[in-house]
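Open the structure in your viewer and keep the selection tool ready. Each stop tells you what to select and what is there.

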Amino acid sequence: MKQTLDAYLHKLTGLDDDKVDQLVEEAKALIGDRPWIPNPGPQTEAFYSDADLLLYGGQGGGGKTDLIAGLALTEHSRSLLLRPQYTDLGALIERVVAISGSRKGLNSAPPAQYKYDDRVIDFGAAASLDRAETWQGNPHDLIAFDEACQFLEPVVRFLMGWNRAADKELGGTSRQRVRTVMASNPPISASGDWVIGMFRPWLDITHTNPAEHGELRWFITDPDGKDLEVDGPDDIKTFDHVDYIPRSRTFIPAALSDNPFLVDTGYQATLDAMPEPLRSAIRDGNFMAAREDDDWQVIPTTWVLAANERWHNGKDNKPLSAIGLDVARGGRDDTVFAPRHGNWFDELTVVPGRDTPDGPSVAVLAAGMLREDAIVAVDTIGIGADAETALKNAGLPYEAMNGAEKATGHTRDGNFAFYNHRSEMWWRMREALDPDYGLEVALPPDPKLQADLTAPTYSVRPGQPPKIYVEGKQDIIKRLGRSPDRGDAVVYAGNGGSLDAGPRARLRSRTAVGATPKPEMDYDELRYG
């Protein structure tokens, strides 16, 4: 249909009114009773894309909402169109009604539903996982997220689990197309950075194998919820005797200039008048550099990106100084090891929490990574305490990172103290990344690590001197929808020993300073001695 539409548009140029009317009638005959057809260009490409998971958008005014409304009204039997809040659904519902041309079949009582011919469109709000669970067990062959970057990643992944054809529930073989569409501008806060990680080949400028716009790439999501890119649709992976079948993804950017209904309305001037970084996000569709930092953000995003650039220069054969360790035990979180060689942080080792059920299992992994003169900087609050005990029993050198402890230091300028040791550790990482400080810290490019490091905010509490308080981990989890375990592990590594004084510079008395690492020890030895 794209070629046909383009041909008609070409014919319209310079024709008199009678000829235009004739072409309009021909177009009506071609379209039939369809309530909507996509605009030529990216919207048509997105409409006919074979991707199981499509990210469509970028610039404001690119026709994102119309795409998902049009798909629901013309291509799908049962659709679920989502916004984070119920108060946001009104405009989406009204747009669907406007495109269809009739309010008949609309039930506005929440959860709203619209029936058009033999199609059913459900409207839902899911700002949290609890809200998302209300749709559990309800299959939809189209699940569409309007402004996807405003959703939490766990919410999106949970709802995608119910993306399937409803008639398959009856044991039939469905011919209904099944897909998920994410229509969105770029993220403007850390909570939306997960989109860049999910679509790394298209959005992450540091990706080693970038994808073209509209190009299909295939992924599986392993048993621990981690994305794994595979070679193609037939590259099936098996975990625990279960086959994981790849699903395709792509990204198609949309621009205001692609939307003939808005391009001449003056909306461009509105976008031009936006302040940065909103202008880069909504006008320019810049996914990688558009997010707005919070005024009270501990670590500015530009500092992390600069550290990513330095990382490619390599570690210059610097020995291992410390391994930051953030512990998870079961559940959805990960145990993360962050190796540091001087001021150069190596790639993180991320282990599913189910594979580290207790302290000894963590200590076995740490023992295999340790090298002479290096230490493990381990979080010892809660479940981390078991790992600390296992490290101590094994005679492995470690430093306990207790964020709840009283802080004794001051900021580099001497004007502020710290509310607790967690606040001090995060601030030391900020100071180490400060481009004016000169430590030249290098961090591995990792979208989730970037999101973790740029998520925490701080406040100043009264005192003599005033105290800096970095928000607690649980508050960050509420905003991100997951644990910032990568960021915490890097912060522990940066505070284990000293970035500018070498390993073991600030070991505490309970650290096994004279111990010799025993990488040959196995799990039973660590657990039972």
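**Stop one: a strand pair**

Select β20 and strand β21 (residues 467–470): they pair in the antiparallel sense over four bridges. Two strands pair if DSSP finds at least two bridges between them. Helices (H or I, at least four residues) and strands (E, at least two) are DSSP runs, numbered from the N terminus. This is a predicted model: local features need pLDDT of at least 70, side-chain atom pairs count only at pLDDT 80 or more, and totals for chains, interfaces and linings use all residues. Residues are numbered from 1 along each chain as its sequence is written, and side-chain values use heavy atoms, with hydrogens and water left out.

Now pick R461. It stands opposite K467 in β21.

**Stop two: the whole sheet**

The open sheet has three strands in the order β19-β21-β20, with mixed pairing. β19 (417–418) and β20 (458–461) are the edge strands, each pairing on one side only.

Next, show helix α15 (residues 421–433). Helix α15 lies across β19, β20 and β21 and runs at about 90° to β21. Axes here are lines fitted to C-alpha atoms, for helices over the stretch in contact (heavy atoms within 4.5 Å); angles run from 0 to 180 degrees between N-to-C directions.

**Stop three: the largest cavity**

Which residues line the largest cavity? Select V327, A328, R329, T356, D358, G359, V362, I383, D386 and A387. On a 1 Å grid over the protein atoms alone, a cavity is a set of points where a 1.4 Å probe fits but cannot get out; lining residues have an atom within 4 Å of a point. α13 (359–369) and α14 (384–393) each supply at least two lining residues.

Notes
On a 1 Å grid over the protein atoms alone, a cavity is a set of points where a 1.4 Å probe fits but cannot get out, and a pocket is an open set with protein on both sides within 12 Å along at least five of seven lines; lining residues have an atom within 4 Å of a point.
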